[in-house]
Amino acid sequence: QVQVVESGGGLVQPVGSLRLSCAASGSIFRFNAMGWYRQAPGKERELVATITTGGSSNYAESVKGRFTISRDNAKRTVYLQMNSLKPEDTAVYYCNADVVDSFAVNRKLWGQGTLVTVSS
């Protein structure tokens, strides 16, 4: 089964740091863009950051300078380093990956989400 699974969420105090990981598994022929989205209580899901196969990244204005997205293609993993966290960063964070599976089908994978809570 082709899937992505997030890990690394939890409770952190304001101005603290947290690192999220997202690992892909299954019969995947090629990875394209990967990214992180988040959904806070009562709000719509929003883009946090994306990264292309070549390493070009894009960030939401609200996280620029604080979050860093990276990927390890050999490990099929994308990371989100979150620094200087604020209470408004509290949300469920979802990993997304655009892949081509072994049947040459383009697929958009979503993880189950990992909760990040920023609170003192």
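**Entry 1**

I began with strand 4 (residues 28-39) and found it joined to strand 9 (residues 91-101) by nine bridges, the two running antiparallel. Strands here are DSSP runs of E with at least two residues, numbered from the N terminus, and I call two strands paired if DSSP finds at least two bridges between them. Before going on, a note to myself: this is a predicted model, in which local features need pLDDT of at least 70 and side-chain atom pairs count only at pLDDT 80 or more, while totals for chains, interfaces and linings use all residues. Residues are numbered from 1 along each chain as its sequence is written, and side-chain values use heavy atoms, with hydrogens and water left out.

Which residue of strand 9 is the bridge partner of Gln-39? I looked it up, and the partner is Val-92.

Next I turned to strand 5, which pairs with strand 4 in the antiparallel sense over five bridges. Here Arg-38 stands opposite Glu-46 of strand 5. The two strands form a hairpin with six residues between them. In the turn I noted Gly-42, with a positive phi of about 80 degrees.

I then traced an open sheet of four strands, in the order 1-3-8-7, with antiparallel pairing. Its edges are strand 1 (3-7) and strand 7 (67-72), each of which pairs on one side only. Direction ignored, neighbouring strands of this sheet are turned by 15 degrees against each other on average; for that angle, axes are lines fitted to C-alpha atoms, and angles run from 0 to 180 degrees between N-to-C directions.

Strand 1 and strand 3 (residues 18-25) run antiparallel and are joined by five bridges. Within that pair, Glu-6 has Cys-22 of strand 3 as its bridge partner. I kept Cys-22 in mind for the next entry.

**Entry 1: the disulfide**

How many disulfides does a search of the whole structure find? It finds one, taking a disulfide as a pair of cysteine sulfur atoms within 2.5 Å. Cys-22 is joined to Cys-95, with S to S at 2.0 Å. The torsion about their S-S bond is about -75 degrees, so I logged the disulfide as left-handed. Because Cys-22 lies in strand 3 and Cys-95 in strand 9, the pair ties together parts that are 73 residues apart in sequence.

Are these cysteines buried or exposed? Both Cys-22 and Cys-95 are buried, where buried means under 20% relative accessible area, exposed over 50%, and partly exposed in between (1.4 Å probe, protein chains only).

**Entry 2: the nonpolar core**

I looked up the largest nonpolar core, which has 32 residues. Such a core is a set of buried Ala, Val, Leu, Ile, Met, Phe, Trp, Tyr and Cys residues joined through side-chain atoms within 4.5 Å. Trp-36, Leu-80, Met-82 and Tyr-93 touch the most other members. Among the elements that give two or more residues are strand 3, strand 4 and strand 8 (77-82). The largest share, five residues, comes from strand 9.

**Entry 3: two threonines**

For contrast I took Thr-53, in the loop between strand 5 (46-51) and strand 6 (57-59). Its relative accessibility is 42%, so Thr-53 counts as partly exposed. The side chain of Thr-53 reaches the backbone oxygen of Phe-31 at 3.1 Å. Not counting residues up to four places away, Thr-53 touches Phe-31, Asn-32, Arg-71 and Asn-73. Thr-53 and Arg-71 are 18 residues apart in sequence and 8.4 Å apart in space, C-alpha to C-alpha.

**Entry 4: positive phi outside glycine**

Last, I checked two loop residues. Val-15 is not a glycine, yet its phi is positive, near 70 degrees. I found Val-15 in the loop between strand 2 (10-12) and strand 3, and at 68% relative accessibility it counts as exposed.

Arg-76 also has a positive phi, about 60 degrees, although it is not a glycine. Arg-76 lies in the loop between strand 7 and strand 8, and at 26% relative accessibility it counts as partly exposed.

Methods: Contact means heavy atoms within 4.5 Å. A polar contact is a pair of N or O atoms within 3.5 Å; within protein, one must be able to donate a hydrogen and the other to accept it, and residues adjacent in sequence count only if both atoms are side-chain atoms.
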